[in-house]
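Me: Hi! Could you walk me through this structure? I'd like the overall picture and then some details.

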Amino acid sequence: MMHLRILQAGPMVTVQDRGRRGLLHSGVSGSGPMDTPSFRIANALVGNGEDMAALEFASAGGTFEVTEPVRFAVTGGDVDIRIDGSAVRPWESHNLFPGSTLVVGGLRSAVWGYLAFSGGIDTPLILGSRATHLRTGLGGHEGRCLRASDLLPIGCLDPTPHLALTKLWRRSNRPINVVAGPQDDYFDASAWRTFLGSSFVVSSSRDRMAQMLDGPVISACRGNDIVSDGTTFGSIQVPGSGRPIVLMAERQTTGGYPKIATVASIDVPRLAQTPSGSAIRFRLISQAAAEALLVAERQALQDVMTGLSEKTEPMSVAQEVAL
């Protein structure tokens, strides 16, 4: 069996696939990638199925070596990648051979990166998934972040060609789309004016479970406690402090704070990739509009995936390719 050896790991490197599905009613969080499109593109670049496991890293990747030849790709943002000191580009696939050292440096203008290997990370399935859930120590490699000396199995896959993007996956600076509720009636017109009319700053208080926003206080006219109900990726809770909390991939399955709005699925990865200290604004749209945007985004992603091809002139890394 092929293996990936971790020589040095960034601050939060975990094994992720697309997550655990259908278990929220049992209190099991889905986990999975913070930026699903970038995760899927990384797998596609090395010829993997879209649900094969890869590594997700926050801010910086680390240093790696393999026991057998593999192909790899790094996505998520612009990042320094070197094989034995020689620079290679993100958003395309490359060979890595035994005896060579792969260094994945720091992300620029992004938070979460993805490192996929041909054949996928072949850790055991736990409740139908290899995804790491750090809060519960579930899945991945011993349910934790990777560290130096870890050895991970890699599945077998036939050799794939050198693939690169031929269509850009662009980042937009428009406001973050949200759908009202489910407890939108807990907030009066004044609170809604504040929520939609103000800028908020992405706090450094963030992880795979949630990220906090700094800015004006949002007051709940009906109080900040509800009978706990279900949450979703992108739920915006407002606790007693009035400081919004956006729930992310490792969120709890239920919550007792009112949720003023929910980030539209199309914009969840973009919010997750927004660096701390950046200002954001929200725009209210209807559920039907959010669904239409998601359908269009899925088609655009499919166009990107089917547009992968062998390239002799790789795309410039200066171009923005992350959503």
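Me: What share of the residues in the protein chain is buried?

Reply: Buried residues account for 54% of the 323 in the protein chain. Buried means under 20% relative accessible area, exposed over 50%, and partly exposed in between, with a 1.4 Å probe and protein chains only. Bear in mind that this is a predicted model, where local features need pLDDT of at least 70, side-chain atom pairs count only at pLDDT 80 or more, and totals for chains, interfaces and linings use all residues. Residues are numbered from 1 along each chain as its sequence is written, and side-chain values use heavy atoms, with hydrogens and water left out.

Me: Thanks! How many helices and strands does the protein chain have?

Reply: There are 4 helices and 23 strands. These are DSSP runs numbered from the N terminus: helices are H or I with at least four residues, strands are E with at least two.

Me: Let's look at helix 4. Which of its residues are buried?

Reply: Ala-290, Leu-294, Glu-297, Leu-301, Val-304 and Met-305 are the buried ones in helix 4. They sit on the same side of helix 4, because they cover an arc of only 90 degrees around the axis. That arc is taken from the directions from the helix axis to the C-beta atoms.

Me: Why would residues a few places apart point the same way?

Reply: An α-helix has 3.6 residues a turn, so residues three or four places apart point the same way.

Me: And which residues are exposed on the other side of helix 4?

Reply: Ala-288, Val-295 and Thr-306 are exposed there.

Me: What covers the buried residues of helix 4?

Reply: The cover includes helix 1 (36-45) and strand 13 (176-180). Contact here means heavy atoms within 4.5 Å.

Me: Changing topic: how many aromatic pairs are there in the whole structure?

Reply: A search finds 5. Rings of Phe, Tyr and Trp (its six-membered ring) pair if their centres lie within 6.5 Å; planes under 30 degrees apart count as stacked, over 60 as edge-to-face and the rest as tilted. One of the pairs is Phe-39 with Tyr-114, which is edge-to-face at 6.1 Å centre to centre and 80 degrees between the planes.

Me: Where do Phe-39 and Tyr-114 sit in the chain?

Reply: Phe-39 is in helix 1 and Tyr-114 is in strand 10 (residues 112-117), 75 residues apart, so the pair links distant parts of the chain.
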